[in-house]
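Please find below some remarks on the model under review. They are set out as numbered points.

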Amino acid sequence: MTTVPHLALNNGVAIPQLGFGVFQVPAEDTAKVVRTALETGYRSIDTAAAYRNEAGVGEALRAAGLPRDELFITTKLWNSDQGYDSTLRAFDTSMGKLGLDYLDLYLIHWPLPARDTYVDTWRAFEKLQADGRVRAIGVSNFQIPHLRRLFDETDVVPAVNQIELHPHLQQPELRTFHAEHGIATEAWSPLAQGALLAEETITALASKYGKSPAQIVLRWHLQIGNVVIPKSVTTSRIAENFELFDFELDADDVLAIGEMDKGTRTGPDPDTFNVG
Ligand code: NDP
């Protein structure tokens, strides 16, 4: 079976560079879809309290019966639960749904700058890590000023920042900042939810390498050092998105995809998103 490379996080914990995302997977389908992903070889699953499918992830993990230490499970604290005490309660709720006694990675889902509670929330994350309940703590959708504020006011540097990132939104400033501070970059909507798969640069490279457009984009993510978590409910695509380790893009082709950056988001802007 294919071995997915791992990256070392800033506290030494190893994260698989390729995982499986379950945003918009309906609750009733989640156990089956995650089971398919685990059978394909994925060992890292990315869910969130807000996806309302943590229980289905937990059901698939129990059914698969894999050793716990082969799995890497991520969930996220939803916006309405930000704050110190509410974070500790929300963590317990998520763990009950997942049926796990420890988590691999817990993320603050959004910074909510107008609400200004992410520093207190992060202190609760630090406690969960100190108590051994989660192996690594990180954030999602944080911009550079939000990260700097955590550096200034708290003790633990986030291990991960999970951000929207794909060829149309390459996030060069954040990626450089992450590299300078030892934060792993995890790409959400790595395929821009399918929107860029018909772009000529991508289809031409698909022909050149005899690979699908999605495989070209995912391989680009791996080669520029991102952790990547594509989502699919389609069995053939779940398999296709895992077959990334038998080819390599030439340096020129990585640069050609680099030229596709338009700075355009498919999702909300973290500086103004304050719902939930
Ligand atoms: P993706 O970029 O992973 O794209 C998923 C879409 O692309 C689906 O419509 C899927 O269709 C389609 N697709 C998947 N594989 C292929 C393929 N090989 N060929 C053609 N089409 C394909 O989008 P997501 O938004 O789901 O992002 C991935 C994960 O990132 C999420 O599941 C979630 O875990 C995380 N995320 C985190 C966010 C955050 O705020 N932290 C926000 C958004 C996502 P189908 O399923 O029908 O096969």
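1. Which polar backbone atom is 3.3 Å from an oxygen atom of the ligand? The backbone atom belongs to P190. The pair is a polar contact, that is, two N or O atoms within 3.5 Å.

2. The model is predicted: local features need pLDDT of at least 70, side-chain atom pairs count only at pLDDT 80 or more, and totals for chains, interfaces and linings use all residues. Residues are numbered from 1 along each chain as its sequence is written, and side-chain values use heavy atoms, with hydrogens and water left out.

3. N241 places a polar side-chain atom 2.9 Å from a ligand nitrogen atom, and H109 has one 3.4 Å from a ligand oxygen atom. The protein buries 88% of the 910 Å² that the ligand exposes when taken alone (Shrake-Rupley method, 1.4 Å probe).

4. The shell around the ligand divides into 13 nonpolar, 11 polar and 5 charged residues. In this division Asp, Glu, Lys and Arg count as charged; Ala, Val, Leu, Ile, Met, Phe, Trp, Tyr, Cys and Pro as nonpolar; and the others, Gly among them, as polar.

5. The protein chain contains 10 helices and 10 strands (DSSP runs: H or I of at least four residues, and E of at least two). Along the principal axes, its C-alpha atoms fill a box of roughly 55 × 40 × 35 Å.

Note on methods
A polar contact is a pair of N or O atoms within 3.5 Å; within protein, one must be able to donate a hydrogen and the other to accept it, and residues adjacent in sequence count only if both atoms are side-chain atoms.
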